[in-house]
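Subject: Structure handover

Hello,

Here is the structure I promised to pass on. Please open it first, then read my notes below.

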Number of protein chains: 2
Amino acid sequence: MILVNGAATDLLAVTDRGLAYGDGVFRTFPVIGGRAQHWRFQFRKLREDCAALALPCPEETVLADEVTRVAAAHAECIVKVIVTRGSGERGYAPPPNPVPTRVVTAAPRVRHPEEFARGGVRVRVCSTRLASQPRLAGVKHLNRLENVLARSEWSDPAVAEGLMLDSEGNVIGGTMTNLFMVDEIGLVTPDLSKCGVAGVTRGRVLAAAARQAVSCRIEPLSLDRVLGARELILVNSVIGAWPVREIEGRPLRPGPGSARVQAWADQEDD
Amino acid sequence: MILVNGAATDLLAVTDRGLAYGDGVFRTFPVIGGRAQHWRFQFRKLREDCAALALPCPEETVLADEVTRVAAAHAECIVKVIVTRGSGERGYAPPPNPVPTRVVTAAPRVRHPEEFARGGVRVRVCSTRLASQPRLAGVKHLNRLENVLARSEWSDPAVAEGLMLDSEGNVIGGTMTNLFMVDEIGLVTPDLSKCGVAGVTRGRVLAAAARQAVSCRIEPLSLDRVLGARELILVNSVIGAWPVREIEGRPLRPGPGSARVQAWADQEDD
């Protein structure tokens, strides 16, 4: 089921600025037994991302209701929420009083192999770099061509994710995931002040680490450091956490750091 | 009138990758008396931009026919052609056999004040910078949030355009235009190998200069050089060419360089 501004339809005005310019933001998360997982965090992030684009954010109750409606027919599903700046005159100038468009869709929850979460995944390094754009860094907006280009670099289903570097050669994350690394001191996750998406699960893991007084630094991470990591863990709201068991052909052994991040990512309520 | 894949409708599937990721390209140009202006160049650029995204380009005859159909009711109009990678599975990976979506729309030709082309325009410098992304530089793709952010920096209708700089402080062009500058040697236009859109009118002006053995260099252009230019000219397919008569409060006098670029931009057939 798909709702556009609350109405059941799978069609959108072609004049929408989401299509014209990618002028909007989105969220993707599981809904299980009617419960949107970590909804409080998902909505907060949506509101922050709307604010970053000076885009009026829809009311929380309106969106929560639409999420419930699209998920109603599913025991488990993945819900995607898109908020755009709506339709406008021709030209880049945002309309002075935009009427945002809400698109809420549910899709069956694709089951990744259990082995991914338990035994870890194989990962490659993409050649497509992320451009440095501080004004949009961290925001999950609809301008995602870099991710599309990076994800089109491989088709081997045995490779679960590709890491993306910035123009200086620092690792920012996966095409669809955030990255945590275990080094001799503790946990580290890339600095996202110039590019990348600061996802909800990354934020929840950082908060859990802080609560439990586990060191988790935010730093620029060179590819060399990542290739020499003790452990690597990929996270997002849909997959939870996947330890990495192989990167660019080098084996890695998931350990206690991976287990810890995974437990935090999978925590029901936080 | 709007055509989506040849059918008259103003609606598009919400699952289109143009909306989800900005996974597509576009063109905007005048159609006058049923004739798409500089169609040969417009289609060539569309084909190049599709190729840059590994997107199958629709047939020229199909698109030309759709342009004619949407323009039929207008003596003069602005036609926009969007080509996206179509609908696909969830996720960034492009479908192996994408079926592109064509969106062709006509809008009334907004008449800019005659004074803009004759006497020149006022221009500001935007604080939003263009990120350096060589993989997408030059391509008119649907990821245009930087332009939206830059264009939302001002609302004074007396300011016709804002110049955008790259992260190193070089001027790349306007939010919707390419830039030419006249210095003591001749014409110069910014190097677009790291960001910006290499528009059709820019290409036509470069070709005309070459044909007439007029020097027109492609160089990185610092803001200081632009602020100290003898003449500045903004071009695109919709406006033709506008000389600049004021930049950030400093007066500029349009001269023979502006007239020359304008004549080339307005040339009917080339």
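In chain A, helices α2(A) and α6(A) cross in the right-handed sense. (A crossing counts as left-handed if the near helix is turned anticlockwise from the far one by less than a right angle, and as right-handed if clockwise.) The two helices pack at about 115°, and their axes are 10 Å apart. Axes here are lines fitted to C-alpha atoms, for helices over the stretch in contact, and angles run from 0 to 180 degrees between N-to-C directions. From α2(A), the residues A:Phe41, A:Gln42 and A:Lys45 meet A:Val200, A:Gly203 and A:Arg204 of α6(A). By class, this contact of α2(A) with α6(A) divides into 2 nonpolar, 2 polar and 2 charged residues. (Nonpolar covers Ala, Val, Leu, Ile, Met, Phe, Trp, Tyr, Cys and Pro; charged covers Asp, Glu, Lys and Arg; the others, Gly among them, are polar.) Two residues are in contact if their C-beta atoms, placed from the backbone, lie within 7 Å.

A word on conventions. This is a predicted model, in which local features need pLDDT of at least 70 and side-chain atom pairs count only at pLDDT 80 or more, while totals for chains, interfaces and linings use all residues. Residues are numbered from 1 along each chain as its sequence is written, and chains are lettered from A and ligands numbered from 1 in the order in which they are written. Helices (H or I, at least four residues) and strands (E, at least two) are DSSP runs, numbered from the N terminus.

The axes of α2(B), residues 39-52, and α6(B), residues 200-211, come within 10 Å and cross at roughly 115°. That crossing is right-handed. B:Phe41, B:Gln42 and B:Lys45 lie on the α2(B) side, and they meet B:Val200, B:Gly203 and B:Arg204 in α6(B).

Next, the sheet in chain A. Its 6 strands form an open sheet, in the order β2-β1-β7-β6-β4-β5, with antiparallel pairing. Strands β2 (7-8) and β5 (35-36) of chain A stand at the edges with a single partner strand each, so one side of each has no neighbour in the sheet. Two strands pair if DSSP finds at least two bridges between them. Strands β4 (24-32) and β6 (76-84) of chain A run antiparallel and are joined by 9 bridges. Within that pair, A:Arg27 has A:Val81 in β6(A) as its bridge partner.

Helices lie on this sheet. Helix α2 (39-52) of chain A touches β4, β5 and β6 of chain A, and its direction makes about 175° with that of β4(A). Helix α3 (60-71) of chain A lies across β1, β4, β5, β6 and β7 of chain A, at about 30° to β7(A).

In chain B, 6 strands also form an open antiparallel sheet, ordered β2-β1-β7-β6-β4-β5. There, β6 (76-84) and β7 (101-108) of chain B pair antiparallel over 8 bridges. B:Lys80 is bridged to B:Thr105 in β7(B).

How do the chains relate?

The contact takes 40 residues from chain A and 40 residues from chain B. On the chain A side, α5(A) gives the most, with 6 residues. That side divides into 21 nonpolar, 12 polar and 7 charged residues. Of the interface residues of chain A, 98% are also interface residues in chain B, so the copies meet through the same surface. Strands β3(A) and β3(B), residues 11-13 in chain B, pair antiparallel over 3 bridges. A:Leu11 has B:Ala13 as its bridge partner.

In helix α8 (256-266), the buried residues include A:Gly257, A:Val261 and A:Trp264. (Buried means 20 or more other C-beta atoms within 10 Å of the residue's own, exposed means 12 or fewer, and partly exposed is in between; C-beta atoms are placed from the backbone.) The buried residues of α8(A) pack against elements including α6 (200-211) and β15 (240-247) of chain A. A:Pro100 sits in the loop between β6 and β7 of chain A. A:Pro100 is partly exposed, with 19 other C-beta atoms within 10 Å.

Best wishes
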